[in-house]
Structure formats: structure tokens, C-alpha cells
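Student: I have a model open on my screen and would like to learn how to read it. Could you walk me through it?

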Amino acid sequence: MTYSRVLSVVVLSFVAIVASAELPGPGASVLATNSAGFTNTLGMKFVPVPGTAVMFCIHETRRKEYIAFASEVSVPSNVWKWPKLSSVPLDDAENHPASGVHFDEAVKFCEWLSKKEGKTYRLPTDKEWSYAAGIGPLENWDSGTTPEMRKKLKAGDFPWGKNFPPNTADRVGNYNDTARHEKFPGDPYISDYTDGFIVTSPVMSFKPNELGLYDMGGNVWEWVQDWWNDKKSLHTLRGGSWTTSSRDEIRTSGRITSDHPGVSWYHAYGFRVALEIPGAVITPVAVTPTMPTPVPVTPTLPTPAPSPAVVAPPSTTRPIASSVAVTPSASPAPTVTTPVATVPPISIPSSRPAPPTPPAAPSQPAGGLVLDRNWATPMQGGSATMRDLGALLSPFAKAATDLAPSPGLTIFEGVTYLMPLAQAKAALNLRQQVVPKNVVACPGFPVSSLYAYCFDAAIDGHFNKLYLVTDKADQVVAVELLAESPKRDQVDAPNNATDWHTYDFINTRVKAITTLWIDHKPFFENKGRWEQYDPKYSSRQPSGETGLVRIDSLLLDPASTKGYKGRGYNWKPLKAMRLYLPKPMMELILQCISGAIK
Ligand SMILES: [Ca+2]
Ligand SMILES: [Ca+2]
């Protein structure tokens, strides 16, 4: 089952349910299986969800059940009765999910059903929903965390696995696909995926997940109990829908909130019912050792919900990288064909005779950047790397030594420039450090002044490490993401300049030689979107207002394609890196470089 590629769970033990028409009470027979189920008077089938004390209905609440409810209970909204979107009528067959359902009405449905059957039905919690979707052990369930925070952590992959878009042949669920695009051409859609349903699909039209739950990804968004954040004004929806095409919303960890408190005018909002198990004892769910990246496994998982950031041994450097450490020579590698001159020149005054006098740490302005006394000392043997870095950064900033704070400049997901390390860790839900604090020693970076803290992460489906780069006072100045097992298209980094010498600015410096190829591409933020910078197109020259640059890099192995001498897009990627640099750091690095390269 493809679901197992996302996360294989092992049921250690849990309170099991006898497959019968009656829900067992305390002391019922215990079976070590999850194949048992319970079917209620409306024909809704429920199965246990390991790691929780509830059973989940295997399908989204259907119109069939909702019609029965609305015939007995007055609900304020009639939206659900005549589903349509932009005057296009939706399928109103009884086996389609109830949609256009307000949060409060979904709660009322559960209350009505509870009273009718003498059991406790309710909406699942955000945590229960994650356990049902297979990512429960990967997310942070500390009190104080909210669905809004968990969405940003991006734990786990997609309901079907790691690839996006999904393969049409896999029929992974009802999303905003090419079929819908033909009817609603104005909306964004997944251009490479066809599930065949323009609107909602009958529930259970696609493969179930490992627990036997259908449509946990797609068809209708599903209300859960939890507030979106601490403001406690908006509720949370999970799973994506037939109108969803956003990669981040389709992730298993994807979440959205309604625009108005508890309200759904939208025909992509439905719900799924959970059933409390009397006397249930929650037992842990472990992650199997065969689970793919990004979260490693420790032999002893805490109970019941392990941290999403599990301590792992320090990552080992690939032999291929460690054997080609940067050379003292600035001359290009033998196979390099494109000269440095094809990239924009470094915009640094060449008349500057020497590095500026470095300010001493104690004299830093309060709240400003804190550096070592000798931060501007040129690094031996790193001139080629500095040229790379200068070429990448000079379109976006000029050399400068402004060490004052730049308040509010966001580096990554709520982390701002000069934010204290502890605050940044909290903002990103990072708790456990992978390797000890390391000095960053990249030519061009201030010497003996920057440090890297490495954490396990699960970001964008393939980055499995996150580095917080700090100054001497543990204030964050940059963020780097690292994918240790990338795919070729996971980082968009191709660059015509082929003699780059630096791959990973925080950890590893390698020189491009015959056995390696390094691609870089810078992106700049423009009105909230990332635009790639390409010196070939002057019209795309970034303005001086950009405050943040992202550099995507790939370390490729040309030898992986035997017999082909030219550049190949099928070269095996060894590592992928994404560095976020705020403008003050870019200016400082260019300042360091200006003193070192004449
Ligand atoms: Ca569809
Ligand atoms: Ca769904």
C-alpha cells in the first residue's frame, strides 16, 4: 500500500474493539488487531485509531446521514442543501460527502447522533486526526502548540508518499485536478494530475490509508475540534479537498482555517465523526525503523506522543565530499568550461585597501549583531569560494558593515533577523539539537563569529536538517535547510556557471572537480513570492528593496551517467541545500569579501 511509504506504523497494543454491532465497554475482549470495526445504526463504519482513545468513521459524513440529521434538527444554514459553486451545481447524490457544513452544525450533528445512539460521537481533535492520518508521532503536541504552528512544521510527507504532484495512475484522492480545471479554468490546479472528478466524489472512491480510512486526503476538508491558534476565534480543517491544489495544504500536515468563526460558506468543507471508546487506554504508536526520512528512529520512544524532532546521531559526511575539500588554488577545476565572468561582477569597491577595522564585541549597539574581534580576517585558501558567494549576493546587496538591528526582517517561517536562538527554536517547534554547536568557517563569512545549530526537521517533503546560524550572542542571522537524500527536481538550482567552488556554505566546502558538479541559483522575495534571479534576463534584475535572498544548491554526481560527457539532468544529486540570507548578512559577507579579493 502506498500509504506505508509515508509512514509505517506499528500497533504495539491498544484497546481493541470486537467486530460486532455493539461498542464494547470497559473490560471488553482485547484483540491485537486493527481490523475490527463498529457499524452504527446509520450504517457508518468506525475503526480504532492507534494512539488515541477513539474510533474514526472510515468515510466523510455523507449527505445521506446529514439529511437524516437535518430532518430532525433545525440547522441555520441551508448551504448544504443545494450545493453549487459559481453557479455550477455539485453532485447531490446521497453517497457524496455533506459539504458547505458550518463547524457548529457539524458539532450539532455529533450531539444528535450521540443522543440517538447513547454513545459519545464528536469531531476528532487535531491530534487524533494526525494519528489517524499516520503522522501523529511526528508532530509536536506540547501544550501551547496550535494547529497553525503544526502546519508550519510540515511533518511527514503527502498522504500517498513523497512525490508531488502525485501520479495519476496511483489515484491518490480527489483534488483540484485537470478535470476540475476544464470546468473551472480560472482557479489554480494540479496540472499533472487527473482524478477525474470535477466536484466532490462519492465517499470511498479512492484507496483507503493503512488504517482503512478513506479520503483522509482530498474530497472535502474536515473540521476538527481545535481552535486555529491562541486567539480562539477560528476553527481548523484538515486533509485538503476537491478544490485544493496547494502543495502545502495537501500535505498530510496541511491545515487551513475558515475565514469566519466556525462558518463554512464553502462547498469544500465537510467533516468526519469520531466515536469515543469507553474505558479506552491510549497506548503508543511507534515508528518503524524502515520509515523513510526525515525523522530518524530511536530505540526508546517516549509515550504516548514522541517529539517530532528525535535526536539522531550526527550526520556523516559523504566520502565524496570530504575527499575534495577546498583547495588553496583559486584556479577552476579541469573540467570546468564556463568562466566566472558569465555571472554578474561583484559590486564591491575595488579601491578598498584592506578589511575594515572590526568592531569589538563589547562595543556593539544594544540589540545589534555581535561578532568576534577578528571577524573580517580573510580566510586562507578561500578566494574561489568567496568569488562564488560574491557573485551570488552582489545583485542583491552592496558591501556594508551596518551591525545595527533590522527589526522585523523575517528570515524563515517566523524567525526574524537577530532573534534569540531560544525564540527561534520555539517559533519553529525545534527542540532537540542533532550535533553540537559548530563554528561556521566559510570563506567570506565573518571569521570566528558565526555558529550553526543543527536540528532534525521535515520541511517541504525532503529537507531533513535545519541549521540555525547565529552570531556570538546566539542571535539568529541565517537559516539553512539540507536534504541528505534529494531527488533531482527537489531544488531548482541549475545555473550556467559551472565552476562554483562552494556547495554548502554552513557545513562543507567542496571544489567542483571531475567527479562533482555544483549548481547554485539565487532567488529573491518579491511581493511575497520567490523569483529566481537569472543574470541572462536583465528585466528580472531584483530591486534594491529585497530583504531576503534564498540560494538553492545541488551537489551532483556526473559520473552517475556513464558514457555521457555533456551536462545531464539525470545526474544523481548527492545533497541539496537551501540557504536563507537576510540583507544585513549579505552586506556583511560582501564587506568581508571586498577586503579579501582585489
Ligand atoms: Ca478532482
Ligand atoms: Ca477528506
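Tutor: Happy to; we will go from the overall fold to the core, a helix, some sheets and a few backbone details. Keep in mind that this is a predicted model.

Student: How many helices and strands does the protein have?

Tutor: The protein has 11 helices and 24 strands. Of its 598 residues, 48% count as buried. Among contacts with a separation of 6 or more, 68% are between residues 24 or more positions apart.

Student: Which residues touch the most other members of the largest nonpolar core?

Tutor: The general idea is that in soluble globular proteins, nonpolar side chains tend to be buried together. Here the largest nonpolar core has 138 residues, and those touching the most other members are Met55, Phe56, Tyr467, Val469, Val479 and Ile589. Helix H11 (residues 583-596) gives the most to this core, with 8 residues. Domain 1 (3-276) and domain 2 (383-596) both contribute residues, so the core lies between them.

Student: What does tyrosine 467 touch?

Tutor: Leaving aside residues up to four places away in sequence, tyrosine 467 touches Ala452, Tyr453, Cys454, Val479, Glu480, Leu482 and Ile506.

Student: How far apart are the end C-alpha atoms of H3?

Tutor: They are 21 Å apart, which agrees with the 21 Å that the 15 residues of helix H3 (residues 103-117) should span at 1.5 Å a residue. Just after H3, glycine 118 takes a positive phi of about 70°.

Student: Now the sheets. In what order do the strands of the open sheet with E2 run?

Tutor: Strands of a sheet pair through backbone hydrogen bonds, either parallel or antiparallel. This open sheet has 5 strands in the order E2-E3-E4-E12-E7, with antiparallel pairing. Strand E2 (38-39) and strand E7 (121-122) are the edge strands, each pairing on one side only. E2 and strand E3 (residues 45-48) are joined over 2 bridges, and phenylalanine 38 stands opposite phenylalanine 46 in E3.

Student: Is strand E23 mostly covered or uncovered?

Tutor: Strand E23 (residues 548-557) is mostly covered, with 9 of its 10 residues buried. Strand E21 (residues 517-526) runs antiparallel to E23 and is joined to it by 8 bridges; phenylalanine 524 stands opposite valine 549 in E23. E23 also has 10 bridges to strand E24 (residues 572-582), again antiparallel. There, leucine 556 has proline 573 as its bridge partner in E24.

Student: Which peptide bond is cis, with omega near 0°?

Tutor: Most residues other than glycine have a negative phi, and most peptide bonds are trans. The bond from phenylalanine 164 to proline 165 is cis, and proline 165 is in the loop between helix H5 (147-153) and helix H6 (178-183).

Student: And is aspartate 215, which has a positive phi, buried or exposed?

Tutor: Aspartate 215, with its phi of about 60°, is buried, because 31 other C-beta atoms lie within 10 Å and the cut-off is 20 or more. Aspartate 215 lies in the loop between H6 and E8. Compare serine 448, whose phi is near 50°: with 16 C-beta neighbours inside 10 Å, serine 448 counts as partly exposed. Serine 448 lies in the loop between strand E17 (433-439) and strand E18 (451-459).

Definitions and conventions
Residues are numbered from 1 along each chain as its sequence is written. Chains are lettered from A and ligands numbered from 1 in the order in which they are written. This is a predicted model: local features need pLDDT of at least 70, side-chain atom pairs count only at pLDDT 80 or more; totals for chains, interfaces and linings use all residues. Two strands pair if DSSP finds at least two bridges between them. Helices (H or I, at least four residues) and strands (E, at least two) are DSSP runs, numbered from the N terminus. A nonpolar core is a set of buried Ala, Val, Leu, Ile, Met, Phe, Trp, Tyr and Cys residues joined through C-beta atoms within 7 Å. A residue is buried if 20 or more other C-beta atoms lie within 10 Å of its own, exposed if 12 or fewer, and partly exposed in between; C-beta atoms are placed from the backbone. Domain bounds come from an automatic or database domain assignment. Two residues are in contact if their C-beta atoms, placed from the backbone, lie within 7 Å. The expected span of a helix is 1.5 Å times one less than its number of residues.
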